[in-house]
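Trainee: I have a structure open and would like to work through it. Where do we begin?
Mentor: Take a look at it. Then ask away.

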Amino acid sequence: MDAFARFTNQTQGRDRLFRATQYTCMLLSYLLEPHAGKEKVVMKLKKLESSVSTGRKWFRLGNVVHAVQATEQSLHATDLVPRVCLTLANLNRVLYFICDTVLWVRSVGLASGINKEKWRTWAARYYCYSLLLSLVRDLYEISLQMEQVAHDRAKRKKSPSQELLEETEWLQSFLLLLFRSLRKHPPLFLDTVKNLCDILNPLHQLGIYKSNPGVIGLGGLVSSIVGIITVACPHMKLNTH
């Protein structure tokens with residue numbers, strides 16, 4: 001109970017719970033919509049999803065400052081590739097949160113002259129850029145881990161021919177090496193899964209890869225669960241180095 005209280009006292013913790021609820025409602029409404037007699041339930045789920053989405057915008061109002069701080073921290077990464085990718089990703093997150101704030105101002109009626117669709121497209125574009133750059137960083141880290149695992153295995157193996165006899169197919173060998181690399185580095189696995197799930201939404205909004213609400217809802221739910229894990233267990237978060 002104490003751990004849950006500490007988690008919910010954090011703004012990020014509350015946002016992750018709200019986000020999980022939002023995408024659970026999206027997924028459930030998509031699954032129930034084709035069934036007769038579920039109209040009222042679907043309507044309630046969609047209303048709850050909309051209310052939670054509106055509530056989450058309040059949590060995100062200060063995220064521009066956090067994104068700026070993250071950009072400054074990423075500049076100190078020792079490795080060039082993560083430094084460039086994270087810095088550019090965080091800069092795009094700053095622009096995304098600026099667009100998100102403008103959309104919030106529009107939604108509460110403080111500035112009715114704002115072009116909602118234009119700003120929404122900009123927000124999706126910057127969010128997509130940020131996630132793509134984060135995925136490039138993830139792929140770079142995965143390649144380093146795979147190289148290390150392959151090097152360790154090569155030192156343990158006395159005869160390289162045994163390796164070829166055991167793993168005759170290149171794809172099978174590659175997937176096995178990938179699995180062992182991610183198993184040794186859970187934060188990297190979680191970060192990659194989160195970014196892959198998150199990118200479905202902006203790709204859909206930009207018309208690059210069309211998905212349905214069920215896929216987006218499932219991806220958002222998985223991403224939210226990963227977010228909850230990394231907030232509750234900070235050692236599971238992939239750190240800048």
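Trainee: How far apart are the end C-alpha atoms of helix 6, and what span should its residues give?
Mentor: Keep in mind that this is a predicted model. Helix 6 covers residues 116-156, which is 41 residues. At 1.5 Å a residue, the helix should span 60 Å. The end C-alpha atoms agree with that, being 59 Å apart.

Trainee: Which residue reaches the backbone nitrogen of E117 at the start of helix 6?
Mentor: Look for a side-chain oxygen there. One comes to within 3.3 Å of that nitrogen. The oxygen belongs to N115.

Trainee: What kind of aromatic pair do Y96 and F97 form?
Mentor: The structure holds three aromatic pairs. In this one, the ring centres are 5.1 Å apart and the planes meet at 55 degrees. Edge-to-face needs over 60 degrees, and stacked needs under 30. So the pair of Y96 and F97 is tilted.

Trainee: Is F97 buried or exposed?
Mentor: Buried means under 20% relative accessible area. F97 has 5% relative accessibility, so F97 counts as buried.

Trainee: How many disulfides are there?
Mentor: Two sulfur atoms must lie within 2.5 Å to count. C85, at 8% relative accessibility, is buried, and C128, at 3%, is buried too. By the distance rule, the count of disulfides is zero.

Technical notes. Residues numbered from 1 in each chain as written. Predicted model: local features only at pLDDT ≥ 70, side-chain atom pairs only at ≥ 80, totals over all residues. Heavy atoms only, no water. Helix = DSSP H or I, 4+ residues; strand = E, 2+ residues; numbered from the N terminus. Expected span 1.5 Å × (residues − 1). Polar contact = N/O pair within 3.5 Å; in protein donor to acceptor, adjacent residues only side chain to side chain. Buried < 20%, exposed > 50% of the residue type's maximum accessible area, 1.4 Å probe, protein only. Phe/Tyr/Trp six-rings, centres within 6.5 Å; stacked < 30°, edge-to-face > 60°.
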